[in-house]
Amino acid sequence: MRITIIAVGKLKEKYLKQGIQEYIKRLGAYAKVDIIEVPDEKAPENMSEAEMKEVKRKEGERILSKISTDDYIISLEIMGHMLSSEQFATKIDQLATYGKSKVAFVIGGSLGLSEEVRKRSDFALSFSKMTLPHQLMRLVLLEQVYRAFRIMRGEPYHK
């Protein structure tokens, strides 16, 4: 399986980079993992609704330019489907079984995803109703993908 994470913004925090590298290394036994960063737009604090929409549109164009036609897109969205780790493992297993071996997870910027990206998404996934930093989501996502492969293979992993 080939897994791509398309994320808005550059990761700066050393501790997050270290955690991400650890899970990419662990996932090497199960899948090829790539992370693609697209530049974020400047987003001042007090923006109008129209300005926020324009920021998301520009970031969305950058995201869509990194998606190929045969990618199965899973967008991370607060209002997406909430799954248990076991349900997530089943979802990944089903994708692989039915020929969707190229999966791209999309993590938007601080304002979320554009409507165009949301329309291109095949499945909207939520990790929580809480707002989490999009930089942290890369690490959380990779941990859950790793956990999913361990579950699918019946291999032990802490609960």
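## Strand pairing

S3 and S4 pair in the parallel sense over 4 bridges; strands pair if DSSP finds at least two bridges between them. Strands (E, at least two residues) and helices (H or I, at least four) are DSSP runs, numbered from the N terminus. This is a predicted model: local features need pLDDT of at least 70, side-chain atom pairs count only at pLDDT 80 or more, and totals for chains, interfaces and linings use all residues. Residues are numbered from 1 along each chain as its sequence is written, and side-chain values use heavy atoms, without hydrogens or water.

Tyrosine 72 stands opposite valine 103 in S4. S4 also runs parallel to strand S1 (residues 2-8), joined by 6 bridges. There, alanine 7 stands opposite isoleucine 107 of S4. Of the 6 residues in S4 (102-107), 5 are buried, meaning under 20% relative accessible area with a 1.4 Å probe, protein chains only.

## Crossover

S3, helix H3 (residues 85-97) and S4 make a right-handed β-α-β unit. With the strands pointing away from the viewer, the path from the first strand over the helix to the second runs clockwise.

## Helix H5

H5 has 19 residues and reaches 27 Å from its first C-alpha to its last. That is close to the expected 27 Å, taken as 1.5 Å times one less than the number of residues. The rest of the structure largely encloses H5, because 14 of its 19 residues are buried. Glycine 154 follows H5, with a positive phi near 70°.

## Largest pocket

The largest pocket holds about 550 Å³ of space. A pocket is an open set of points on a 1 Å grid over the protein atoms alone, where a 1.4 Å probe fits, with protein on both sides within 12 Å along at least five of seven lines. Its volume is the space filled by probe spheres set on the points, which are joined across faces, edges and corners.

Lining residues have an atom within 4 Å of a point. The largest pocket has 23 of them, with Leu76, Glu77, Ile78, Gly109 and Gly112 closest to its centre. S3 (72-82), strand S5 (123-126) and H5 (134-152) each supply at least two. The largest share, 4 residues, comes from S3. By class, 12 are nonpolar, 8 polar and 3 charged. Here Asp, Glu, Lys and Arg count as charged; Ala, Val, Leu, Ile, Met, Phe, Trp, Tyr, Cys and Pro as nonpolar; the others, Gly among them, as polar.

## Second largest pocket

This pocket holds about 260 Å³. Among its 15 lining residues, Gly9, Asp40, Glu41, His134 and Gln135 are the closest to its centre. Helix H2 (49-64) and H5 each give two or more residues. The lining divides into 3 nonpolar, 5 polar and 7 charged residues.

How values were computed. Buried < 20%, exposed > 50% of the residue type's maximum accessible area, 1.4 Å probe, protein only.
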